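Please look over the structure shown here before reading on. The report takes each chain in turn, then the contact between them.

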Amino acid sequence: MSTDDAFFSVNGVSYAYADGTEVLSAIDWHIPAGAFHCLVGRSGCGKTTLLKLAAGLLQPTKGQVQIEGHMVHGPSPKVGFVFQTPALLEWLPVIDNVLLPISLHRRVLADDRETARGLLDLVGIADLAGRYPGQLSGGQQSRAALARALVASPPALLMDEPFAALDAITREELQDDLLRLVSLRQTTVLFVTHDIAEAVYLGDRVAVMDRGRIALAASVELPRPRNTNSRYDQQFTAQCQHIRAAMARPVAEAA
Amino acid sequence: MRRHIPSVILLLVLLVGWEAIVRLAGVSSLVVPAPSAVFVVLWDGLVTGFLWQHIWITGAETLLGFALGCVIGFICGVVLGEIEPLRRLLWPYVLATQVVPKLALGPIFIIWFGFGMTSTVVITALICFFPLLENTMTGLQAATPEKRDLFRMLGARRWQTLLRLKIPSGLPVIMAGVRVAIVLALVGAVVGEFIGSSKGLGASIIAAQGMMDSTLMFALFIVITAMGLLFYQITLVFERWLLRGWLKGKVS
């Protein structure tokens with residue numbers, strides 16, 4: 001992969017806490033525009049830190065992160081972020097939550113409301129636009145959060161285990177919605193998860209992280225569009241096993 | 001409404017029992033007046049307008065002091081909550097001023113602001129200040145780290161994060177402070193009048209004590225209680241309206 005056409009370029013990035021504990025060491029990773037990459041790893045392996053570095057929420061102690069060839073110094077408007085929890089504002093109706101990325105910067109126009117309603121329709125909760133977040137189920141809240149991340153049409157999305165708290169069926173539905181939305185808009189995605197099957201189902205490329213390093217990087221050779229049948233495909237299972245093995249190996253060494 | 005019926009029956013039973021004991025045992029009205037006598041005095045006071053002038057004055061003092069204390073407490077809470085060095089610098093002093101019993105300051109306020117409404121309003125405002133200050137400072141910390149990161153990702157400015165995330169997130173906590181303040185405000189106004197005023201319900205209690213008129217004192221207690229309940233209910237309605245988004249979520 002050439003690094004020139006990369007949307008995200010992570011070059012020799014290390015990150016340490018103020019007390020000197022190193023969380024990430026010398027990470028190199030490149031995500032071409034329009035690609036969907038997944039990071040898997042156990043809790044505390046540094047995957048969320050890497051995501052926050054890519055977002056500009058944290059600054060690396062060594063190395064640099066670039067977006068379209070420009071150094072990242074802070075949060076970029078080109079990047080949408082989806083958090084572990086939906087993080088909706090309880091005091092605003094769903095539609096105003098979705099419009100937040102716009103209303104923080106300028107007056108909301110009729111066109112913006114159209115866009116937001118269109119997105120809510122695409123994630124299947126158009127009829128809930130006027131409800132408050134507390135009135136929605138966990139899955140519906142995650143859908144609203146996804147719509148909010150996409151409303152300003154960012155060219156890239158960073159996602160931090162956004163579906164981890166959902167039941168299996170809802171999670172599969174949301175994965176399909178996500179794939180549909182990002183392929184429609186050619187969005188570049190970096191998706192963090194601890195679920196191997198989720199990573200393989202969603203990603204073009206999967207990186208396994210372990211104790212601050214990338215232990216394995218693998219391309220996923222599954223045809224798109226993927227659907228429920230892909231999840232029971234032999235190739236799918238083989239990919240999962242391959243990644244599972246990479247995740248298990250370093251821990252066995254440590255034991 | 002129906003669930004209040006037992007409470008009302010209990011009240012009636014207590015009043016009848018009280019009346020019976022006072023009459024049968026021949027208790028002096030100086031010690032404990034009969035409820036019937038209290039209601040007569042109360043009714044007369046309301047009809048002749050004698051009580052209304054005091055109600056207006058105490059009501060005005062309570063609401064002025066409450067508004068003043070809440071607004072200043074809220075603003076100071078926001079400033080101290082947002083500016084960490086200032087909080088570290090001033091917190092011991094804020095705490096010290098709150099530990100001083102406000103009523104002990106009454107005499108000096110009378111020297112500064114004169115005998116009458118101003119002193120009582122200042123005392124009431126001081127009493128309302130602290131619950132608002134403390135709850136605002138606590139409330140501003142209520143937004144989750146993820147929501148703060150969200151606002152950072154969206155490029156929100158500091159004042160936007162304050163107005164559109166931190167203050168709304170803290171509103172339930174801040175409103176709890178307002179509810180405490182309204183109750184304290186009435187107590188502050190009444191007791192403030194004890195020392196610093198010749199008008200109002202608190203001053204009337206002192207006057208009634210001077211005349212050994214226990215019946216009037218009981219009538220005044222009832223008026224003060226009714227005012228307290230009214231103010232509290234109004235605050236509660238306002239709070240429900242303000243927090244409708246949160247409450248709607250909890251219903252389903």
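## The model and its numbering

This is a predicted model: local features need pLDDT of at least 70, side-chain atom pairs count only at pLDDT 80 or more, and totals for chains, interfaces and linings use all residues. Residues are numbered from 1 along each chain as its sequence is written, while chains are lettered from A and ligands numbered from 1 in the order in which they are written.

The predictor's confidence in each residue is its pLDDT, on a scale from 0 to 100. Chain A has a mean pLDDT of 90. In that chain, 96% of residues reach 70 or more. Residues 251–255 of chain A stay under 50. The model gives that stretch 0 contacts beyond four places in sequence; a contact here means two C-beta atoms, placed from the backbone, within 7 Å. Where pLDDT is low, the predicted coordinates should not be read in detail.

## Chain A overall

Chain A has 8 helices and 10 strands. Both are DSSP runs numbered from the N terminus: helices are H or I with at least four residues, strands are E with at least two. The C-alpha trace spans about 55 × 45 × 35 Å along its principal axes. For 255 residues, a compact globule would have a radius of gyration near 18 Å, and chain A agrees with 18 Å. That radius is taken over C-alpha atoms, and the globule rule is 2.2 Å times the number of residues to the power 0.38.

Of the 255 residues in chain A, 43% are buried. A residue is buried if 20 or more other C-beta atoms lie within 10 Å of its own, exposed if 12 or fewer, and partly exposed in between, with C-beta atoms placed from the backbone. Among contacts in chain A between residues at least 6 apart in sequence, 69% join residues at least 24 apart.

## The six-stranded sheet

One open sheet in chain A has 6 strands, in the order β6-β7-β8-β3-β9-β10. Its pairing is mixed; two strands pair if DSSP finds at least two bridges between them. β6 (79–82) and β10 (213–219) of chain A each have a single partner strand, so one side of each is left without a neighbour in the sheet. On average, neighbouring strands of this sheet are turned by 15 degrees against each other, direction ignored.

β9 (residues 205–210) of chain A pairs with β10(A) in the antiparallel sense over 6 bridges. R205(A) is opposite S219(A) in β10(A). V208(A) has L216(A) as its bridge partner. The two strands β9(A) and β10(A) form a hairpin with 2 residues between them. In the turn, R211(A) has a positive phi of about 40 degrees.

## Helix α5 of chain A

Helix α5 (residues 138–150) of chain A packs on this six-stranded sheet, touching β6 and β7 (156–160) of chain A. Its direction makes about 170 degrees with that of β6(A). Such axes are lines fitted to C-alpha atoms, for helices over the stretch in contact, and angles run from 0 to 180 degrees between N-to-C directions.

How much of α5(A) is buried? The helix is mostly covered, with 11 of its 13 residues buried. Among them are G139(A), L146(A) and L150(A). These buried residues pack against several elements of chain A, including α4 (110–122) and α6 (168–185).

## The four-stranded sheet

A further open sheet has 4 strands in the order β2-β1-β4-β5 (chain A), with antiparallel pairing. β2 (22–32) and β5 (70–71) of chain A stand at its edges. β1 (residues 6–16) of chain A pairs with β2(A) over 7 bridges. There, A6(A) is opposite P32(A). Helix α1 (residues 47–55) of chain A packs on this sheet, touching β1, β2 and β4 (62–67) of chain A.

Chain B has 11 helices and 0 strands. Its radius of gyration is 23 Å, well over the 18 Å that the globule rule gives for 252 residues, so chain B is more spread out than a compact globule. Its C-alpha atoms fill a box of roughly 75 × 55 × 30 Å, taken along the principal axes. Buried residues make up 33% of the chain.

Where do the chains meet? 18 residues of chain B are in contact with 20 residues of chain A. On the chain B side, α7 (145–153), α8 (158–196) and α11 (244–251) of chain B each give two or more residues. α7(B) gives the most, with 6 residues.
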